[in-house]
Amino acid sequence: MAAIMDNVEEIRNRVILGEFGVKNVHTTDFPGNYPGYDDTWDMEKFQKNFRIDVVHLDENSMEFDMVGIDAAIANAFRRILLAEVPTMAIEKVFMYNNTSIVQDEVLAHRLGLIPIKADPRLFEYRNTGEETSEEEGSEIDTIQMQLKIKCSINPRASKDSSDPRELYLNHMVYSRDIKWVPIGNQADVFADSSIGPVHEDILIAQLRPGQELDIIMHCVKGTGKDHAKFSPVATASYRLLPEITLLELVEGEKAKRLKCCFSRGVIDLEEIHGRKVAKVVNSRLDTCSREVLRHDDLKNLVKIGRVRDHFIFTVESTGILAPDVLVTEAVKVLMRKCQRFLSELDSTGME
Amino acid sequence: MAAEGEKKPVLEMVQADGADEGCVTFVLHEEDHTLGNSLRYMIMKSVDVNFCGYTITHPSESKINFRIQTRGGVAATEPLRRGLNELNDVCQHVLNTFQGRVNEFKEREEPPME
């Protein structure tokens with residue numbers, strides 16, 4: 001009986017990586033599925049079991065563990081981070097002059113992908129739909145930028161030089177050449193937060209003497225589901241915590257081979273009575289490569305699984321917002337979705 | 001049931017002829033797997049619910065058909081409302097926990113100036 005209960009617990013809480021496939025992939029802890037379990041939603045139980053541990057945090061990336069939540073909700077956070085947390089990006093490009101060899105449309109695309117450091121929470125979405133104010137943006141929804149640069153011959157270059165860096169002036173156009181042109185009261189409102197490209201050394205185009213660029217750009221607020229340039233993350237992903245269990249004592253040559261089957265640091269060899277015995281020290285480091293399943297004499301000695309409700313999140317920001325701010329914004333986006341439908345239910349009186 | 005012609009609809013209710021109020025397909029506009037799957041999970045956690053599932057009608061349409069069938073004559077709006085509320089509360093708890101832990105982490109990394 002105890003064995004059956006253990007088995008049920010495993011089906012509920014672990015994803016098993018078997019030789020011929022992955023077992024227990026789906027969430028099954030719904031009411032009515034398991035006799036003897038009360039699987040109805042219990043907020044107190046959730047709050048007791050839920051845990052977040054921050055592993056790493058700097059200005060551009062973070063790693064944290066989110067434990068005790070279902071994949072459906074963890075995945076919603078991940079999806080929102082990628083596609084629904086808004087940022088500001090160049091959306092409209094007005095080209096007054098472009099005599100470089102980069103075509104207008106290619107140049108406009110390149111400009112669009114440059115991350116713009118501006119807090120999107122301080123701006124509104126620009127009205128789509130009616131194209132009444134096609135070119136006009138206001139101070140609450142638009143940031144204006146200018147790129148005006150002309151390449152010329154460097155008069156101080158030495159005669160026999162063949163290095164373009166010495167021969168020409170302004171022949172490399174970088175993102176630092178994009179200048180912010182405040183609209184309305186923006187200069188006062190954003191006085192202490194410098195608006196402009198996040199990175200100053202993104203190469204936009206190369207010019208030769210006589211070629212010039214004269215461009216005005218409008219940045220608007222948008223989300224990643226409209227265009228990837230609005231995505232606030234370089235990547236946001238999660239993986240389940242690996243769990244490696246040795247089913248039998250493994251020693252000697254087998255232990256050495258077993259150690260090599262996993263990522264470095266997962267399995268260590270311990271001296272017990274003069275014999276080398278394998279021991280799992282940190283299964284978190286494993287990539288779950290399945291290498292061990294290629295060894296016929298080893299594959300039945302270990303069980304590789306993943307903990308169903310332990311998510312190791314990695315969030316890498318593009319530098320516009322700090323990664324911890326991005327996660328809090330993502331959670332707020334999901335809450336706003338819920339509230340949107342709750343208020344709709346109340347207002348239409350669908351009872 | 002759709003909102004007035006000018007405003008975009010947010011939520012619609014579709015019922016088969018003669019079906020009771022426990023078997024309803026809700027059309028959630030401008031939504032996808034993000035809300036669909038997490039809401040489905042919350043609603044399936046309820047004992048009143050016999051079936052809950054959703055489909056994306058077509059890749060180029062941004063709406064989902066969200067089906068709820070209940071037991072024991074409960075109106076389908078009940079578990080929908082409860083699911084949305086519970087999902088909102090879950091998010092609130094995640095948000096509070098996350099902010100608390102991030103602040104702890106930041107304090108540990110750089111102790112406040114004396």
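A residue counts as exposed when its relative accessible area is over 50%, and as buried when that area is under 20%. With a relative accessibility of 80%, A:His273 therefore falls on the exposed side. This residue is a handy way into the structure, which is a predicted model. A:His273 sits in the loop that links strand 16 (267-272) to strand 17 (275-280) of chain A. A:His273 is not a glycine, yet its phi is positive, at about 50 degrees.

A:Cys288 is not a glycine either, and has a positive phi of about 55 degrees. The residue belongs to the loop between strand 17 and strand 18 (302-317) of chain A. Is A:Cys288 buried or exposed? With a relative accessible area of 12%, A:Cys288 is buried.

That brings up the cysteines. A disulfide is a covalent bond between the sulfur atoms of two cysteines. How many disulfides turn up over all chains? The count is zero. For A:Cys288, the closest cysteine sulfur is the one in A:Cys261, and at 13 Å it is too far away for a bond. A:Cys338 is in no disulfide either, with the nearest cysteine sulfur, that of B:Cys91, lying 5.5 Å away.

Stepping back to chain A as a whole, the chain holds eight helices and 18 strands. Its radius of gyration is 28 Å, whereas the globule rule gives 20 Å for 351 residues, so chain A is more spread out than a compact globule. Along the principal axes, its C-alpha trace spans about 85 × 75 × 35 Å. Even so, 44% of the 351 residues of chain A count as buried. Chain A exposes about 18600 Å², and 49% of this area comes from carbon and sulfur atoms. As for how the chain folds back on itself, 74% of the contacts with a separation of 6 or more are between residues 24 or more positions apart.

A:Val15 gives a local view of those contacts. This valine lies in strand 1 (residues 14-18) of chain A and is buried, with a relative accessible area of 8%. Once neighbours within four places in sequence are set aside, its contacts include A:Val22, A:Lys23 and A:Asn24, along with A:Leu240, A:Ile304 and A:Arg308. A:Gly137 is another matter: 122 residues from A:Val15 along the chain, its C-alpha atom is 51 Å from that of A:Val15.

Chain B comes with a record to go by. UniProt, in an unreviewed entry, lists residues 23-96 of chain B as "domain: DNA-directed RNA polymerase RBP11-like dimerisation". In the model, this span is 43% helix and 31% strand, and the C-alpha atoms at its ends are 36 Å apart.

How confident is the prediction? The model scores ipTM 0.92 and pTM 0.93. Chain B has a mean pLDDT of 91, with 92% of its residues at 70 or more. Where pLDDT is low, the predicted coordinates should not be read in detail.

Notes:
Residues are numbered from 1 along each chain as its sequence is written. Chains are lettered from A and ligands numbered from 1 in the order in which they are written. This is a predicted model: local features need pLDDT of at least 70, side-chain atom pairs count only at pLDDT 80 or more; totals for chains, interfaces and linings use all residues. Side-chain values use heavy atoms; hydrogens and water are left out. pLDDT is the predictor's confidence in each residue, from 0 to 100. A disulfide is a pair of cysteine sulfur atoms within 2.5 Å. Buried means under 20% relative accessible area, exposed over 50%, partly exposed in between (1.4 Å probe, protein chains only). UniProt positions are given in the numbering used here, feature names are shortened, and annotations may be inferred rather than shown by experiment. Helices (H or I, at least four residues) and strands (E, at least two) are DSSP runs, numbered from the N terminus. The radius of gyration is taken over C-alpha atoms; the globule rule is 2.2 Å times the number of residues to the power 0.38. Contact means heavy atoms within 4.5 Å. Accessible areas come from the Shrake-Rupley method with a 1.4 Å probe; for residues, only the protein chains shown count as cover.
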